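Biologist: I would like to learn how to read a protein model step by step. Could we go through it together, beginning with the parts and ending with the confidence?

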Amino acid sequence: MIPDADRRIAPGSRPDGADAHDAGRRLRARRRLDRLWRRGAEFLGSGLAVMGGAMTWVSERGLVAAISNGGGFGVIACGSMSPAQLDAEIAATLALTDRPFGVNLITMHPQLQELIDTCAARRVGHVVLAGALPGAAAVTRIKDSGAKLLCFAPALVIARRLVRMGADAIVIEGMEAGGHIGPVATSVLAQEILPHIREVPVFVAGGIGRGEAIVAYLEMGAAGVQLGTRFVCAHESTAHPRFKQAFLRAGARDAVPSAQLDPRFPVIPVRALANLGTQKFLDLQRQVIDRCGRGELSQKDAQLEIEHFWAGALRRAVVEGDVETGSVMAGQSVGMVTREQSTREILDELVEQAVSALMAREADAGGVGERGGRSRAGA
Ligand SMILES: Cc1cc2nc3c(=O)[nH]c(=O)nc-3n(C[C@H](O)[C@H](O)[C@H](O)COP(=O)(O)O)c2cc1C
């Protein structure tokens, strides 16, 4: 794991004096980071315990392989793919990387069992189940295939249940995240769950855009982290240029949850960039609720109209570049996406920020480590 740290020490340079002191502190900080996320990295089989959160239409072979090749852990988003499409995507990813990666399956997919079998046949090492709580049959099928199972837990009681069911790791994702979200912030979920779930590694997701935040969650007991938004504008992401442009222009406050006008007509909360589609969704809800009130539409049909509004909207935005009426799912960390970069650069930047944060902690701690560093350097 140390070679990543070495990457940042210019080849051939011979640090001496202050430089040597700095290099010593940097190396200690990097070792501390490796200790902090060792459990997560060992679980994933990657150098860095940084998962690239599966993003439907975005997390395909190129980005997934780039994240794994960069030292992180890429995850294919199966979304609505058929088993044959998923099989082709896994095969294409295997051709681009020999590093471990995972597959994210949505529990509501009508062919979930076949998709699990597809992963098993390709010997996928890690399967992430997203969506509703998984049933026992899916859990058993994944575990019988020899894959490690990761599940999302939106509350402590569910995390405990998932561990009892056999989940090998838990992902907690706060409402700062892009895509489908729950009601609780990452910082609160972390405090609710991290002190209590020690049996399996817990990965924290939602709103993480910099290495300092990664360190903070690791110090709270996380085994690793998962980031999605930060990877959308990677060179290796095939998201439409207009989708990427929307990310580059947006600030944290532009990434808003879908609004619900009337509690009788629930809306599944999704965080996305506000656009014309967001406005039209409000108009549609208003019309549908009025028509229902006038008896022109049954409650069930009204609900269906609301649910169907966003069907295919993520694909339209990511693949076709319709960022006006499509769903531009993005997390609040979108404000920290300021330029297109290679995936490796993004990962290096996160590690560098994490290492700097740990170096600052060492300095703040009264320089105990610094004195040690100096005496070892003979100063
Ligand atoms: C465009 C987009 C699509 C996403 N699609 C999925 C998905 O298909 N399955 C899933 O489990 N999570 C999905 N997510 C959530 C990510 O996997 C990840 O957990 C989340 O982005 C982490 O929070 P962040 O956006 O603040 O980094 C999506 C997120 C985005 C931004």
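Biologist: What distance separates the centres of domain 1 and domain 2, taken over C-alpha atoms?

Modeller: Before the answer, please note that this is a predicted model, in which local features need pLDDT of at least 70 and side-chain atom pairs count only at pLDDT 80 or more, while totals for chains, interfaces and linings use all residues. Residues are numbered from 1 along each chain as its sequence is written. Domain bounds come from an automatic or database domain assignment, which here gives domain 1 (15-236 + 342-368) and domain 2 (241-333). Their centres are 27 Å apart. To the contact between them, domain 1 gives 18 residues and domain 2 gives 18 residues, where two residues are in contact if their C-beta atoms, placed from the backbone, lie within 7 Å.

Biologist: At what angle do the axes of helix 12 and helix 13 cross?

Modeller: Helices are DSSP runs (H or I, at least four residues), numbered from the N terminus, and axes are lines fitted to C-alpha atoms over the stretch in contact, with angles from 0 to 180 degrees between N-to-C directions. Helix 12 (residues 276-293) and helix 13 (residues 299-308) have axes that come within 10 Å and cross at roughly 170 degrees. They are therefore roughly antiparallel, a term for angles over 145 degrees.

Biologist: What is the mean pLDDT of the protein?

Modeller: pLDDT is the predictor's confidence in each residue, from 0 to 100; its mean here is 93, and 92% of the residues reach 70 or more. Over residues 1-13, however, pLDDT stays under 50, and over residues 369-379 it is also below 50. Where pLDDT is low, the predicted coordinates should not be read in detail.

Terms used:
Helix = DSSP H or I, 4+ residues; strand = E, 2+ residues; numbered from the N terminus. Parallel < 35°, antiparallel > 145°, perpendicular 65-115°, else oblique.
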